[in-house]
Amino acid sequence: MTTLSLGAGAATSTAPAGGQRLGERVRSLGDEVYETLLSQLISLKIAPGMRIAVDALVRELGVSQTPIRAALIRLETEGLVVKTHHVGYSAAPMPSRRRFEQMYELRLQLEPFGAGLAAQRMTDASRQELAALSAAMSAPSAARVAYGKFAVLDAQFHSWIAEQSGNELLAEALARLYAHTHLFRLRFHSRVTEEAVTEHARIVQALERRDADGAQAAMRDHILRSRERMAPFFEMLD
């Protein structure tokens, strides 16, 4: 049985039950289960429309039903899984081409603006956080499962920039869009990762310089190129 690996802080905690550290451990476990299931959805281990058996996940991940069900509820809220009465959970079907176009229309309006705001608010502490995110995404990866991990890091990168904008409404709106972005990552190719890393580097450089105009331009270019990479899948469906 494959057991889900916990973070170091969670695994080594000796704080009394009911203390703050325990609460942190529960959140950490829930986040790891969520990210594991998200990676399986992205990598097509859980294919669109496929039924998701909670008992099977309990055996596979080596955790109880509680964090699994919590993760599934979170994924359902984000539109990545659906729950059917008397049937249970299944992966969401592929969205339509129109949904794809609408999502990128919104991203093009919101994300460059958020990146510009984030550049203006950069601090030494935020630069360190940004460097850690960038380094994690730049680590070599070739396998489909590794791409699933990259996609999770990619979502964290974009979410971090939105949060750094200081505009809570902007961050909330983009969080919903990022969840739907995962549904379009269903045609793996190593070139996608390589090109995205290069584009991210341009965004990072502009943010570190506190160059608002440069950050906006780099983010806009990244989103346009991302749309170009994803669009051929929908052309095959037409």
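Good morning. I begin with helix α7, which spans residues 144-164 and contains D154. The model before you is a predicted one. Is D154 buried or exposed? Its relative accessible area is 6%, and since buried means under 20%, D154 counts as buried. The side chain of D154 also has a partner: a polar contact of 2.9 Å links it to the side chain of H200.

I turn next to aromatic residues. The count of aromatic pairs is 1. In that pair, the ring centres of F100 and Y104 are 5.1 Å apart and the ring planes stand at 55°, so the arrangement is classed as tilted. Where do these two residues lie? Both belong to helix α5, residues 97-120, and a separation of 4 residues places them about one turn of the helix apart. F100 and Y104 are, moreover, both buried.

Another ring, that of Y34, has a charged group over it. The group is the charged end of R74, at 3.6 Å from the ring centre.

Finally, I come to helix α3, residues 54-61. Which of its residues are buried? They are V54, L57 and L61. Viewed down the axis of α3, these buried residues fall within an arc of 55°, and therefore they line one face of the helix. Directly after α3 comes G62, whose phi is positive, at about 70°.

Thank you for your attention.

Key
Residues numbered from 1 in each chain as written. Predicted model: local features only at pLDDT ≥ 70, side-chain atom pairs only at ≥ 80, totals over all residues. Heavy atoms only, no water. Buried < 20%, exposed > 50% of the residue type's maximum accessible area, 1.4 Å probe, protein only. Arc of directions from axis to C-beta. Phe/Tyr/Trp six-rings, centres within 6.5 Å; stacked < 30°, edge-to-face > 60°. Lys NZ or Arg CZ within 6 Å of the ring centre and 35° of its normal. Polar contact = N/O pair within 3.5 Å; in protein donor to acceptor, adjacent residues only side chain to side chain.
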